[in-house]
Amino acid sequence: MSWKWEYAFGAEVAARTAPANFLARVEEKADELVRAAEAVHIHGRTHQGTDPKGGDIIVPGGMFTYQVVIRHERVYVVQITYLGF
């Protein structure tokens, strides 16, 4: 499997201060997004079109915003928001 996810931009900095249980939920959902993207975009590196619109995912404690970049075979977590609920 070449598809992976990673933090991008300020999300990496924000992840350093977020609680571990919240980050575990973010990472679980990011893993699910990777599996879905890999199933839909089998030949990602040869993709010629535009990338799909990203989105927001709500997890216990907050939310995160992601973007799929097909030719990179990556799901980027671009923002995380810990609300503490």
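**Close-up 1. Two salt bridges are counted in this predicted model.** One pairs R74 with E6. The other pairs E32 with K29. The next two views take them in turn.

**Close-up 2. R74 and E6 form a salt bridge between distant parts of the chain.** The closest N and O atoms of R74 and E6 are 3.2 Å apart. R74 belongs to strand β4, residues 74-82. E6 belongs to strand β1, residues 4-7. R74 is buried, because its relative accessibility is 16% and the cut-off for buried is under 20%. E6 has a relative accessibility of 34%, so E6 counts as partly exposed.

Close-up 3. E32 is partly exposed, at 40% relative accessibility. K29 is partly exposed too, with a relative accessible area of 33%.

**Close-up 4. W5 and Y7 form an edge-to-face aromatic pair.** A search of the whole structure finds two aromatic pairs, and W5 with Y7 is one of them. The ring centres of W5 and Y7 lie 5.1 Å apart. Their planes meet at 90 degrees, so the pair counts as edge-to-face. Y7 is buried, because its relative accessibility is 17%.

Terms used
Residues numbered from 1 in each chain as written. Predicted model: local features only at pLDDT ≥ 70, side-chain atom pairs only at ≥ 80, totals over all residues. Heavy atoms only, no water. Salt bridge = Lys/Arg side-chain N within 4 Å of Asp/Glu carboxyl O. Helix = DSSP H or I, 4+ residues; strand = E, 2+ residues; numbered from the N terminus. Buried < 20%, exposed > 50% of the residue type's maximum accessible area, 1.4 Å probe, protein only. Phe/Tyr/Trp six-rings, centres within 6.5 Å; stacked < 30°, edge-to-face > 60°.
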